[in-house]
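Here's a quick briefing on the structure below, covering its domains, its sheet and a few charged pairs. Have a look at the model first, then read on.

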Amino acid sequence: MGFKISVIEGDGIGPEIMKATIKVLELLNEKQGLGLEFKHVDAGDKAKEKYGEPLPNTSFEVIRNSHCCLKGPIGETAGSVIVPLRMKLDLYANIRPAVTLPSIASLFKDVDILIVRENTEGLYKGIEDKTDEYAFSVRVITRKKTERIAEEAYWRAAKRKRKVTVVHKANVLASCRLFREVCLEVSRRHPEIQTNELYVDNAAYQLIKNPLQFDVILVSNMFGDILSDEAAAVVGSLGLCPAANIGERFAIFEPVHGSAPDIPKEYGNPTAMMLAAKMMLEWLGEKHGEKKLFKAAQIIWKSICDVLREKKVRTPDIGGNSRTEEFASEVMGKISLYV
Ligand code: IPM
Ligand code: MN
């Protein structure tokens with residue numbers, strides 16, 4: 001069976017890390033017969049320059065008609081691309097693992113956290129206004145969407161260490177009180193899973209003080225955005241952390257990080273992007289019952305771990321001076337040993 005993958009290469013370090021990731025996928029595609037076909041689409045800052053809009057409808061249609069989308073980080077127009085995509089395609093679950101990788105200098109060892117972030121409402125709902133004198137953004141929390149993301153978190157926790165931490169600010173915000181109530185209702189349907197709750201400010205503190213206490217963090221949209229960057233720092237670099245935006249029928253895989261305009265574009269760490277591709281293969285494998293996709297995902301994981309463990313080639317964010325391309329060549333060398 002063939003899989004059409006729409007690809008948004010992104011801005012800044014995006015094109016380089018995407019090129020590196022596609023090379024890895026092409027190698028696996030060729031050796032394992034995965035049936036992946038890539039279709040590049042224009043979106044982001046370059047699309048805005050070319051067509052006057054960062055997400056032209058023609059691009060949206062290609063994305064919507066693909067099996068899933070692999071997306072690089074976008075620059076200035078990031079919010080006008082990914083937020084509408086998440087909403088229009090109802091990609092309600094943003095799944096963000098923060099895991100300790102081999103030989104990475106970090107605050108703690110053996111961190112393994114899964115942030116399950118609601119992805120379609122909260123402060124990102126777009127009910128807002130701004131004048132020179134005042135501005136507001138309405139934080140929308142609904143029972144339906146909270147229940148859906150909470151079920152997702154418990155489903156994932158059941159396959160992990162069976163603990164869910166509900167994060168909110170219910171002592172101040174009414175919207176958080178509903179979020180909390182619904183999450184705790186869902187928790188009662190899953191008595192086999194341990195549940196606790198933290199105010200978001202304390203959660204931010206605990207993430208650095210003792211990240212080993214966390215398994216699954218269940219959190220609303222913007223709090224989840226902030227905590228996922230923090231979790232990336234805890235495991236050593238934003239360059240290591242992938243994200244999956246998942247809906248009933250469609251999904252977009254991307255790094256947690258942005259386009260990193262502050263670093264030379266050929267020095268970005270492609271690990272997060274490659275691990276997003278790994279999550280993509282797992283999602284496709286599960287949806288379509290294809291074991292070889294899982295196997296390919298595992299090969300990406302092992303190959304990246306091997307390269308990091310050897311410490312021969314690493315990008316500046318993790319203490320080296322190698323380029324994206326050099327890291328990718330090493331990963332491909334390892335993949336060749338596994339296929
Ligand atoms: C992320 C990003 C996006 C978000 C931006 C680009 C809209 O920071 O995916 O974490 O806030 O969700
Ligand atoms: Mn973010």
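A polar contact here is a pair of N or O atoms within 3.5 Å; within protein, one must be able to donate a hydrogen and the other to accept it, and residues adjacent in sequence count only if both atoms are side-chain atoms. With that rule, four residue pairs (both at pLDDT 80 or more) are in polar contact across the interface of domain 1 and domain 2. Keep in mind that this is a predicted model, where local features need pLDDT of at least 70, side-chain atom pairs count only at pLDDT 80 or more, and totals for chains, interfaces and linings use all residues. As for bookkeeping, residues are numbered from 1 along each chain as its sequence is written, chains are lettered from A and ligands numbered from 1 in the order in which they are written, and side-chain values use heavy atoms, with hydrogens and water left out.

**Domains and their interface**

- The protein splits into domain 1 (1-91 + 241-339) and domain 2 (106-235), with bounds that come from an automatic or database domain assignment.
- Taken over C-alpha atoms, the centres of domain 1 and domain 2 are 25 Å apart.
- Ten residues of domain 1 touch 13 residues of domain 2, contact meaning heavy atoms within 4.5 Å.
- Between them the two domains bury about 920 Å², 52% of it on carbon and sulfur atoms; buried area is the accessible area (1.4 Å probe) that two parts lose on being put together, summed over both.
- Arg 86, Met 87 and Asp 90 supply 45% of the area that domain 1 buries against domain 2, more than any other three residues.

**Salt bridges**

- The rule (a side-chain nitrogen of Lys or Arg within 4 Å of a carboxyl oxygen of Asp or Glu) gives 22 salt bridges.
- One salt bridge crosses the interface of domain 1 and domain 2.
- Asp 90 and Arg 148 form a salt bridge through their side chains, at 2.9 Å, N to O.
- Arg 64 and Glu 61 form another, at 2.7 Å, N to O.
- Arg 64 and Glu 61 are about one helical turn apart because they sit three residues apart in helix α3 (residues 57-64).

**The sheet**

- Helices (H or I, at least four residues) and strands (E, at least two) are DSSP runs, numbered from the N terminus, and two strands pair if DSSP finds at least two bridges between them.
- Ten strands make an open sheet with mixed pairing, in the order β2-β1-β3-β12-β11-β4-β5-β10-β8-β9.
- β2 (36-40) and β9 (194-199) are at the edges with a single partner strand each, so one side of each has no neighbour in the sheet.
- Strand β8 (residues 163-168) pairs with strand β10 (residues 216-219) in the parallel sense over four bridges, and Val 164 stands opposite Val 216 in β10.
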